[in-house]
Structure formats: C-alpha cells, structure tokens
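Subject: Structure handover

Hello,

Here is the structure we talked about. Please open it alongside this email, and read on for what turned up.

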Amino acid sequence: MDLRNHNFTEDQVRERIFATKSSRLYNYLLETKRYLQCVRGFNCSKWPVRYPLDNISSRFISEHGSNDSAASSSENSQDLQRIKRSSSFIYGLDHQQNYIDELSASSNLAVLRVDLRFWHGSNNDLMGSLEQSSISRLLEESILNTERHIDKLVLRVADTSSKILVTGDLNAGKSTFINALLRKDILPSDQQPCTMIFCEVLNASKNGNKEEIHAIKNISNYDVTNHSTYDIIEHSELEDTVFENEKMYQQVKIYTKDNRDSNDSLLHNGNVDISLIDSPGLNRDSIKTTQLFARQEEIDVVVFVVNAENHFTLSGQEFMASAGKEKAHIFVVVNRFDAIKRKEKCKAMIMDQISQLSPETFEEADNLVHFISARDMVSGSVKPSHEFEEMESRLKWWTLEQRFKSKLAPAQRYILKVLGDLAIISDENTSIASNIIKEINIALKSGMPLYEALLEMRKAMCKESETIIDSSCAKVKSHTEGHLSTTLSNLEASVFKVEWPGLFSAINYAEDVLSGMAIHLEHEVLECEKFGRSIITNAKKELMSLDKKRFEFENIDKEDNPSIRPLEATIIESDSEAMDSLTHIGGISNGLDTLGIHLSDFFDIDWSHLRVTGSLGFSAGSLVLFGSKMSNINSLFNLIKVSTNLSPRVFRGVLMLTACIMGAGSILYMFNETDAVIRRNIAKRIKSVLEEESFVGYHTDRLTTETNRAIRPFVWQFQSNFQRMVEAEERKRADHLRSRHLSQEAQMFFDDLKAKVNELAEKVYAVNANDSFK
Ligand SMILES: Nc1nc2c(ncn2[C@@H]2O[C@H](COP(=O)(O)OP(=O)(O)OP(=O)(O)O)[C@@H](O)[C@H]2O)c(=O)[nH]1
C-alpha cells in the first residue's frame, strides 16, 4: 500500500513504514535466536556441532556493536550470497588433513567465531591439541554470546525512542543548547567549565508522567520503577550534583514535561520519544569516555557543539575523527555565533575544518551544519531565530531518519550475518554427517563376516575348552579309581619286604606291617595326586594353546580389548596354587589312622565257617581244629572218610594219632606261617576299614573335584576372554549404529536448518532498512 496517497504527513508515512519494518525485523530476530537455540541444544544433547577450522581466530573478532552506519545494501547482498553458496566439505573419520585443506577454501564465519586466545599454532597442531568436544563447547559459548546480542537488538528494535548525544568542547554552550531546544532553563550552565557527568533529559511520560531527577550510581542496574537503583534529587540540587558530583553518580536522568504542541516538542513529537544527553565538555580526561558513550548502540544521533569563537579545538578534532568512524554523519551546531563579528569568515573556516574532519557531514552540510546562538532561546521568552528554527526542524528530521539506520539496519545486517554463519555450519555438518554415515556403512558391512567368524570360533573353542576339563577329570577319575582299587587288592604284597623277626617279635612285625601298609597306601594316594597334577598341567597347556589361537584371531584389534589378559599370564601367576589344591590335608583315611594291632591279627580264624585254624590249636576230639588251614581240614575229613571202614577201637586210635599229628603239624605250621597270617589279617582289616569309609571313592571324588576346580577358573577366564572379545565387537557395532543414527539425525537437522535459514534470509533481505521510503 502506498501511504503517500492517503493524505498522511511525511512524518506519519515514515513512522508507519518504520513500525512495519521494526515489527518484521523484531520477529526475524526472534526466529534467528530460535535457530541458534536449536543448534545449541543439538550441540549439547545430540551431536557435537562441527566447526570450520579456518574460522577459529586467535583473537575474537566481535561483530557486536560494529559500525552501524556502515551497514550497506551491498554488504547485506554479500551476506545473502554467502548463505546461498555456502560450500560443502569432504570430511570423514580419518580425513582430518583433508578436512583442514577443504576448510581453507571455505567462506569465513562472520559472527559465530570461537575465541581461541590460548591457542597459537597451525591447524595441524590444532587437531591434536583440541578435541572436537572442546571446539563444540567454544562454539556453544559463541552462540550464547550471539543470542545475548540478539536480545539487545530485540530491545533496540522494539524501543521507539531515540537518543541524541550532545557533546562538544568545554563551555561551548551544550547545556544552554539543550535548554534552548526544551525552551526551559533545566540544565545548569556557567561561564566556567562545569558539567561533570552525563545528564539525560527525557519526557516525563517515561516516569509515569512525574517530573523527577534521578541521580544514578550504577547505570547498569538502573530501573526507573525501582527506587533503590537511584536517588531522587531536587532541581535546586542539580547544579551541585552536575558541577561537583561529590556522591560520584554515574549519570543523571531528568524527567520533564514539555507542554508544547507535539509538532513543536522534540521530547514528545507525536511519533517518537527523543531524549537529549548532555555530556561533560571534551578535554583530555573526558574524551575517551565521551567517545565510548557516542559509540553506544542506543545513540542515534551525535550533535557536536562547536564554540564559534574557538572553532574546532584539538579535542574536538580528535572526537570528530573518532566518532566519524562509528557514525559517518555528525550533526554540527556552531554556537555562540552571536559573538562573532566576521560571521562569513568564521563560517568558511569552520566549514573547511568540517570538510577535512568529516567529509560525509560536509556533503550534507545544508542539513547537518548550523550556526546559531543558543543563549537567545533560553526560557522560550524570545521567538526563535530563523537559523534556530531551521536547525531544530533539521535535527528532528535527521533523528527520525537516522532511526532506520541506527536501529533497523544493524539488526538486519546482524541477522544476515548470523544466518550466513548458520548456513556454512549447516553445510559443513550435513557433509560431515553424510560422510560418517558412508564410512559407518562400510565398516558395518566389512565387519560382519569377521563378527560372525568370531562367534563361530567362540562356540567351537568354548566347547573345546569344556572338553578339556571333562576329559581331564575323567582321566583323573579312572586313574585314581583303578590305581587305588589295585593297591588295596595287592596290599599284602606291599609289605613283603618287611623282615619276619621271629615269633617272639611277632608284635613288632605286626606293627611294621601295619605302618608299612599305611605308608604304601599314602604313597599310592600321592601317586594319584601326582597324576592329577600332570593332567592339570596338560589341560593348562591345551587351554593356553587355545587362548593363543583366540588372541591371534585375525583383525581383532587388541587395543580395543586392553582388559583381556592372555591366559598364559594368569596361569603362570597362579600355578602353585592350582597344584596345591590336589594335595591331601592330614591323613589319607580316618580309620587307618586309628587302626592298631589286634590279637586276632595273629590267628587265622574264619568265623564264618566256624573253623579255627591257628598256630596254637590242637583238640582233635572236639572237632575244633587248631593250627590248620583249609587243606588240613580237608585232609582230615578225607581221612575220616577213609577211616569209616575201620573198627571203633582202631578208628579212635587213628583219630588220636591224627589229632596229635595235626597238633604237632599245626605248631610247626604256626612257626612257619605266622608272618603271612599277620600280613593277611592286617591287610584284611585295613581293607575292611577302608571299604567301610569308601576310601577309593573318596579319593577318586576328591581328586576329580580338585582337578575340576584347578582347571575350571582358566576355562572360565578363557571363555570370558572370548566373551569380552565378542562384547567389544558388539559394542563397536552398537557404537557404529548409534553414530549412524545420530549422523542421520544431524543430516536431517542441518538440511532442514539450511532450508529455513535460506527462507528467512530472503525475508530479512527484503526489509529495506536503509531506505525509509521504499
Ligand atoms: N554569547 C553566547 N554565550 C553563550 C551562548 N550559549 C551559551 N553561552 C554561554 O556560554 C557559557 C557556557 O555555557 P554552558 O551551556 O554551560 O556550556 P557547556 O558546554 O554546557 O559547558 P560545560 O558542560 O561545562 O563544558 C555560559 O556562560 C553561557 O551563558 C550563546 O549562544 N552566545
């Protein structure tokens, strides 16, 4: 809609255009901030946002608060082009050098640079010294700073007021000039240089329509609605405060009413609230502070008051040169012109100075340079001169005009720069993500056969390790069982070597036989234990050779599994422990330990057949036979059978004779066979005791169990080594899958961001902030 066709005044048209553009830029600023927050959130929670390394500068080049007036259409156009052509880079997991090379060809980031003051070196060193996570953290900080700056710009775009800074040489008449604009004697003025602090004059509407003077100690905390952030002073105290400033105030804000018509008033002109800031006169102490003040973003216009009698002093020249860099145009008021006699000469000299100090201002001199006498206007008692009126209307026009440049253009320019950076970052991250996905797909595909082979190998080798332990235990079992059973069967033979000392030492002999058999048995048990150890040693060797095969499994990266120790090391460390577990503790049998010599050990009595044969038996009549063996008895009965054909008398005689012979034979036999009887009886008793307590079974079980126990930990370790290898492979695959998923997410996120950034950039570019009437 063309507003000029609707009978609006020029100011109204300008204001409406300004309001529309402000509102659009306001929303674009918020949208840009949302994108930054999204990138920051993505960086924190999902994906360390990759950063073009050639944008890491050793000094943080802050774009914040940069030359607002330098914002130009051509620069914005360049930013837009930068967004459109933001290039893609090749980057992969192992392509860091490639990455750096490619990056050198990339466009530069304008705002989202990271601060790397601590780093001095080449990009190659950088990759070594800086992890991706550190760069991401720095980027996050940079994004946060950018968001904070956007917050400031949002406030600035939303702020409808404008600020005019009035500065100039000492005693040039700055305070008088402001009073003249307000038609009020509000600021103290003196012939002596007097203003010590910045005094801002604002419309009372900004303070709930109350006329008050706020003296502020800490301007950064100042809040007009919070009384604790300032002191209210009376107008009568203002002079002392401004001239002496004993309480060290940083700034004074004077809220005043301008009862004039809005067309006449500068403070409330119907469209924009304008505030005027009186500053201390320029000298060596104040010039830096005033330069800084003038550079502030909220200062829309700088009015430089020159004393017509002095022209531009050195301080004035210095200020003009420095302010000209920030604000190309300076509104120059040459005051005290009434005191000049040769006015044209004075004008020419001052114009000459301006042409050198600020050519832009000189070019717009009709609008921007005015020769006046402010003192004539104080209190509004006098009708303003034509020059003063002209200056006043030009100042109002210039202030409103400048708002486009000072408020909207920086915001527009800043948004385009941020969007340009986001486009470059999006491109880079999309490209990196896509390369990561490709590499992961290759790694997953090529790793699959290896993984399957590993699983297969684990299955076979774990089975083999179980076989080793089972066959070892089976060998120990059968050996112990067989060996100890044979030992028991041949127990008598084990003491053949014990010498028979004769009948009178039969007890000693029996004791020797008993202990000899016990020693023999223990020796045989030890033999079995020794056999068990040899089996364990073999089993370990077999396990070690299996473990070597595991360790040498092709392509398995040992560095991935640092926790897996070769089995050999563990076996060597625990060797003696494993062997000791087979050694019996205490005696080999409880019964054997308590077994003593019995009287029956000396007699060969078989109670089950009710027969007694022995060394001392000799009763033929009672059919109880002594000192004979089964062969004797059989002979006797054969003899009896033969004798049944004899007469009773003869038979009795034969019987008696036989008994005598047998008795004598038995005595003789006793002398000859006692050692064998003792051995036999003791062996029999030992066997019976050992059978009762399952001697063979006990030792067989013990050695089998201990063999199992000695080998089992190594089998477990071997199996767990394999398990860890498999788990490491599975972890690697899971990591790959996770990174692929993240990379896919990142690819989509940055693709989407790039599209949104492009779209927004077009809209921002379409706001012609530099031209208020288009
Ligand atoms: N002749 C003449 N004197 C003026 C004019 N304007 C101001 N003065 C006088 O110049 C002196 C200084 O005026 P101020 O307004 O205090 O000057 P200032 O620049 O604010 O002074 P500082 O802030 O202290 O540097 C006063 O005595 C004024 O009366 C003018 O237009 N003509």
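The ligand sits in the second largest pocket. Keep in mind that this is a predicted model.

The side chain of Asp338 places an N or O atom 2.8 Å from a nitrogen atom of the ligand. An N or O atom in the backbone of Ala374 is 3.0 Å from a ligand oxygen atom. For Arg375, a backbone N or O atom is 3.2 Å from an oxygen atom of the ligand. How much of the ligand does the protein bury? On its own the ligand exposes 640 Å², and 93% of that is buried by the protein.

Now move to the largest pocket. Its volume is about 1,000 Å³. The lining counts 34 residues. Nearest the centre of this pocket are Asp159, Lys163, Lys253, Gln296 and Glu298. By class, the lining splits into 12 charged, 11 polar and 11 nonpolar residues.

Several elements build that lining.

- helix H5 (132-158) and helix H8 (287-295)
- strand E3 (162-168) and strand E4 (198-203)
- strand E7 (251-256) and strand E8 (274-278)

Then go to Lys163 and Lys253, two of the residues nearest the centre of the largest pocket.

Best wishes

How values were computed. Residues numbered from 1 in each chain as written. Predicted model: local features only at pLDDT ≥ 70, side-chain atom pairs only at ≥ 80, totals over all residues. Heavy atoms only, no water. Polar contact = N/O pair within 3.5 Å; in protein donor to acceptor, adjacent residues only side chain to side chain. Areas by Shrake-Rupley, 256 points an atom, 1.4 Å probe, with all protein chains shown as cover. 1 Å grid on protein atoms, 1.4 Å probe; cavity = no way out; pocket = protein on both sides within 12 Å on 5 of 7 lines; lining within 4 Å. Sits in = over half its atoms within 2 Å of the grid points. Points joined across faces, edges and corners; volume = space filled by probe spheres on them. Helix = DSSP H or I, 4+ residues; strand = E, 2+ residues; numbered from the N terminus. Nonpolar A, V, L, I, M, F, W, Y, C, P; charged D, E, K, R; others polar.
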